Amino acid sequence: MVNKSANELLRRSLLEVQRLRATLNEPIAILSAACRAPGGVVDPESYWALLHEGRDAIGPFPDRWDVRHLFDPDPDAVGKTYACEGGFLRDVDQFDASFFEISSREAMSMDPQQRLVLEAAWEALERAGIPPDALSESMTGVYLGSMGSDYGGGSAAPLESLTGYVGTGQSGSVLAGRVSYILGLQGPAMTVDTACSSSLVALHLACVGLRRGECDLALVGGVQVMSTPSFFVEFSRLRGLARDGRCKSFSASADGVGWSEGCGLLVLKRLSDAQRDGDPILAVVRGSAVNQDGRSHGLTAPNGPSQQRVIRSALASSGLVPSDIDVVEAHGTGTLLGDPIEAGALAAVFGSAGRRDEPLYIGSSKSNIGHASGSAGVLAVIKMVLALQHGILPKTIHAQTPSKHIIWEGSSLSLLQEARSWRRRVERPRRAGVSGFGISGTNAHVIVEEAPETADRPGASVPRMAELAVLSAKSAEALTAVASRLAEHVKDHDEQSLGDIAYSLATTRSHHEHRLALTVSTRAELVSGLEAAARGELPAGAARGEGRVRGKTAWLFTGQGSQRIGMGRGLYEEWPAFRTALEEAWSALDPHLDRPLRDVMWAEPSEAWRLDETEWTQPALFALEVALAALWQSWGVEPDVVAGHSVGELSAAYVAGVFSLADAARLVVARGRLMQALPQGGAMASIAAPEAEVVAAAATQGEQVSIAAVNGPSSIVISGPEKDVLAIVEFFAAQGTQTHRLTVSHAFHSALMEPMLEEFRQVAASVEYRPARIAMASNVSGKMEDELSSADYWVRHVREGVRFADGIAALHAAGVTEYLEIGPRPTLLGLVPACLPETAEPVLAASLRPDRSEPAGVLAALGARYARGGRVEWRELFPQGRRPVALPTYPWQRQRCIGLLRRSSRLDKQPGIHCWGCGCL
């Protein structure tokens, strides 16, 4: 027995060790990337175009530097550089500060590197299908590489220039911390400076953090912006700068480094989590390693043996051998010292000792875009991810002749002088190594592997009768830009279904204040609506607003007379929440009826008359309305107050929790059946006159004529014996007052209802009543009361008039500004404005309209609510099988950040050098 227990304990321990080992070596999924690079690169697509086309992104020094006296061909010239070109980002003086709720004064003091990573972080998350604001308070980490800040002179800035924002605006720690602050992230946040290897070290640390559970998601990358030409001046004195500003990686023409700028961010997640959550997976980080040169030939000199060790460590952490790697995206700075040492280290690891059947291909994106130092590593990773996606290894440019300082023969290395196909293979995944070596001696190597094959996702979603496409932005101008960009995107991507586009707009984007909602049935309608919105027009079926809900929302449940054959069928076929609620209502009602209610609601034309019979009308309306309420609730929409008109108040009371579905069903069926059983006769009519005048006229006919409804200050319905009702109608008509006889089978809400009251009271008395959980406006009193929880009330409700106008006034007094009608057609909304003060501006919305399909009608109502700032549970709106698709990222509304300082760097004191401080943009 003891041995069995010991064996079981040992088995469990071994399993736990295996689990921990697997966790500590779990691949990390790359969900998305965002980037900026020289050559007009603003996203991964433009980056790939540059790489694939083999373009050279190096160009003249930027206008932000005063370069009139900067150049001198003499390396010994003080404060000069013998190069006059490099790789520079466009418009780094532009920033959408208001989007991030940063004041213009603070934005001026922020290093452009901080601005860039904020934009790139937002874009990377959007490209991963993650609404950035959904990450607030999440364990999301931020790991960024940077080589520090030379913006505004840093600590050397003049004291008079310190605005209170300079410290944080130029602090390395704030580079990562600001991203976490803006997005509300609570995982680790750190800025790493190991010089040229910074972003790869940041990536390594992020993978460690993810595996150890320190964060569940990570934003990882690096950034480099040269606010001054100090890199060029410094390396000119060291004679390590390429004269033409270009990195000629592993080339015979290599003559030094060419400096550049860039920014790249990745979104990372544990692979098992990403697969569980159905995230897009571009590639995986299989393993990584970091080490240090230690004492070598010089502080800044590369160390070949250390490079070998870091690569072998990365392979070991991945459980791989050298022959498992196809290509290495090398550091490849193009220096006469560095490239041969790096090539030698690669040959030692991947050469004959690696038992390779194929050569190891090597190349470097620095040949295209220059050496972006703090962001170089992450841009190299993004290059390899793109190469995996496209199945092509781009060529390394400026390498027509390989370096003669490298022993190529027998090395198993092959320089990518031309692009090569890199397709999926059967025997193993494709893999790439990425190296980064810092001037500080810190080395990093990362192994990127193609994403695992996944089960085929469902094909394009099944078309529905209508879709709701929602857009938002932080300003009206940005919203117009969103519409314009999306219209072009839809036209360019025929493979994306309308349903998937709508789903992605709703679920993969944050929802800002300025909003547009389009209810459309086809892609062509979507494009047309977007183009109209881009022109400043409001297309039909669209709603646009500033997303600020004001006041409370009341649901108004429609009464008898609004019914129509087929009501609810369109919703039943589209939304499970509606279907389930309607079937539950039918199940509760049918035992008390002599035929299935469904057959009556959706009868053939020859049987349509039955729905207009009171005994069927009332339960049918109840069933539809409670199902409509359930549909709205499934979308996260709840009323603050409810009200109904006549039988509609029973639906309102059920939704408010006054009675159970079973009890409500008995009450509704009894009400309709007993009313139907009364002798036919009597009449009802509407009169456009004040209540007092109608009451006075009714008094002349005795006590048989009743006020059946007060629908407005001058909208009164009378009910009673036909002769008496018609006499009153003739009296008002003779005075020129508008009157209208209603088509009804009985004189509801009059003394003619009294024969049914006692039997109805018996049913009402058997109901279990509960306090309303939602405030209600009473038909009987016209006030906000909870008297509805009694049999007495519902008996009075049959006999007494509907004080709808008083109820609307009570809702207004309670702070209601938005009215949503729950019923088959809008019959109450038209009454509301007249019941309110002239200064009131009510928002009126109908769930369904007879002139639109049911899905289009309810989506238009939902879209209007969204445009006004309403919250929606989007995933309940869409059917299973919808898939996220790529959409345009946010259109930044940048403005030039013109700062307060003019000559803030000590370099400015050098003749001919004008530096870009936080004030000279």
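Where does Pro 690 lie, and between which elements is that loop?

Analyst: Pro 690 lies in the loop that runs between β22 (683–687) and α23. This is a predicted model, in which local features need pLDDT of at least 70 and side-chain atom pairs pLDDT 80 or more, while totals for chains, interfaces and linings use all residues. Residues are numbered from 1 along each chain as its sequence is written, and side-chain values use heavy atoms, with hydrogens and water left out. Helices (H or I, at least four residues) and strands (E, at least two) are DSSP runs numbered from the N terminus.

Pro 690 is partly exposed, at 33% relative accessible area (under 20% is buried, over 50% exposed, in between partly exposed; 1.4 Å probe, protein chains only). With neighbours within four places in sequence left aside, Pro 690 is in contact with Pro 713, Ser 714 and Ile 716 (heavy atoms within 4.5 Å). The C-alpha atom of Pro 690 is 7.1 Å from that of Ser 715, and the two residues are 25 apart along the chain.

The axes of α23 (residues 691–699) and α24 (residues 722–734) come within 10 Å and cross at roughly 130 degrees (axes are fitted to C-alpha atoms over the stretch in contact, with angles from 0 to 180 degrees between N-to-C directions). α23 and α24 are therefore oblique to each other (under 35 degrees is roughly parallel, over 145 roughly antiparallel, 65 to 115 roughly perpendicular, the rest oblique). On the α23 side the contact is made by Glu 693, Val 694, Ala 697 and Ala 698, and on the α24 side by Ile 728, Phe 731 and Phe 732. These residues divide into six nonpolar, no polar and one charged (Ala, Val, Leu, Ile, Met, Phe, Trp, Tyr, Cys and Pro are nonpolar, Asp, Glu, Lys and Arg charged, the others, Gly among them, polar).

Helix α22 (residues 661–677) and helix α25 (residues 757–765) have axes that come within 10 Å and cross at roughly 175 degrees. That makes α22 roughly antiparallel to α25. From α22, Arg 666, Leu 667, Ala 670, Arg 671, Arg 673 and Leu 674 meet Glu 759, Phe 760, Val 763 and Ala 764 of α25. The contact of α22 with α25 holds six nonpolar, no polar and four charged residues.

Elsewhere in the chain, His 512 lies in the loop between α15 (498–507) and β18 (514–520). His 512 is buried, with a relative accessible area of 7%. Not counting residues up to four places away in sequence, His 512 touches Phe 99, Trp 122, Ser 472, Ala 473, Lys 474 and Tyr 890. Phe 99 is buried at 3% relative accessible area, and Trp 122 is buried at 6%.

As for the whole, the chain has 28 helices and 29 strands. Its C-alpha trace spans about 115 × 80 × 50 Å along the principal axes. Of the 921 residues in the chain, 59% are buried. Among contacts between residues at least 6 apart in sequence, 79% join residues at least 24 apart.
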